[in-house]
Amino acid sequence: MSRPNLALPTTRSSTPQQPTLDQQETDGAQQQASPGRSVAVRSAGVLTELTAADVSATLTVDQLPTPYDVAPEVASPLNAKERQDLEVCEQALHGFRKALIVAGKALEVINRGRLYREKYGTFADYVWEVWGFKRAHAYRLIEEWPVAVACLRFGDINEMQARELLPVWKSHGPEATVALYREVRDLAGQHGKARLSAADLAEAREVLPRRLATPEQVSDVLRLAAAEGRVPRIVPPRVEIPEQPSGERAPTAEDLAREDARAGAEGIAVLEAALAQQKQIYDRLAGVVPQALMYDPGRTELLLAELRQYANRTAYRARGRAHDADAE
């Protein structure tokens, strides 16, 4: 299978031109005033064309302000310098959030164009020797950057969030993935959750059916799951407070604590009784199975299968699972 021909953008024109004397003098003055600046500008232009990302806002460590301490008791508004420092630091953080898109697409260009071939035999050797991470991580970034680009118009998205959306992208396509991300952000925002996490997206992904009729179905599925309390990270379930009949005292925190203690004590008693019965069953089964198999193999197998079934259900409940095995 032949590799696609990848044409890389360039800052050079197709016809070489000699710079004029004025241009030479201007370029020389710029290089003297800021060594390496022209190289950085040309590199930024190529990177912008490759990734469609704005790298003009990328900051170096030297461009960030020197850290300084402000006493905890200072409550006054920010002064002009502090506001400027905040703006610069947030600009750097926005660039960090977009690193997934830039890195992923840049790696795809290098990999598919085999731009590593002059010095390295394989893409895996290149990313390990030059960037210090394994091929699997590089391929994850390559897979994730289109997901991030598609969702970016609805808010910043980091690598872990894109990773949780990647299975939706592969199973249901870009439109459904964007619909999921948008709907989760909307639901979370409506319920006072300002910050979206990768775990929120993973929870939403789990409630999707195997097949979707249309991408628009994502919204209906998530809103139904929210109404049924199946996405508690995104939409916390309501705590229903029973209405008190007129004239009756509302339960206090002490009353609730006593009820919890009583329920806990009853639970311990049930567990102790169940353990005693389990030990009796274990002792009674010693040497019984071979004799039963000789007498009536079919009936014995049926009984043993049912015993194993209830043993498994008991194990589920013993692990404290909310799902009731009897409902299966």
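## Ground rules

Residues are counted from 1 along each chain as its sequence is written, and side-chain values rest on heavy atoms, with hydrogens and water left out. Since this is a predicted model, local features need pLDDT of at least 70 and side-chain atom pairs count only at pLDDT 80 or more, while totals for chains, interfaces and linings use all residues.

## The core

Let's start inside. The largest nonpolar core has 43 residues. A nonpolar core here is a set of buried Ala, Val, Leu, Ile, Met, Phe, Trp, Tyr and Cys residues joined through side-chain atoms within 4.5 Å. Buried means under 20% relative accessible area, exposed means over 50%, and partly exposed is in between (1.4 Å probe, protein chains only). Phe123, Leu165, Leu180, Val184, Val218, Leu222 and Ile234 touch the most other members. Helices that each supply at least two residues of this core include α4 (99–112), α6 (135–151), α8 (174–190) and α10 (217–227). Helices are DSSP runs (H or I, at least four residues), numbered from the N terminus.

Take Val218 as an example. Leaving aside residues up to four places away in sequence, Val218 touches Ala176, Ala179, Leu180, Leu208 and Leu212, where contact means heavy atoms within 4.5 Å.

## Charged pairs

Side chains of opposite charge can pair when their charged atoms come close. The structure holds eleven salt bridges, each being a side-chain nitrogen of Lys or Arg within 4 Å of a carboxyl oxygen of Asp or Glu. One of them joins Glu183 and Arg223, with the closest N and O atoms 2.7 Å apart. Glu183 sits in helix α8 and Arg223 in helix α10, so this pair ties together parts that are 40 residues apart in sequence. Glu183 is buried at 6% relative accessible area, whereas Arg223 is partly exposed at 37%.

Glu228 and Arg230 pair up too, at 2.8 Å between the closest N and O atoms. Salt bridges with shared partners also link Glu144, Glu159 and Arg163 into one network. Within it, Arg163 and Glu159 meet at 2.6 Å, N to O. These two are four residues apart in helix α7, so about one helical turn separates them.

## An exposed serine

Helix α7 (residues 159–172) also holds Ser171. With 55% relative accessibility, Ser171 counts as exposed. The C-alpha atoms of Ser171 and Leu212 are 9.5 Å apart, although 41 residues separate the two along the chain.
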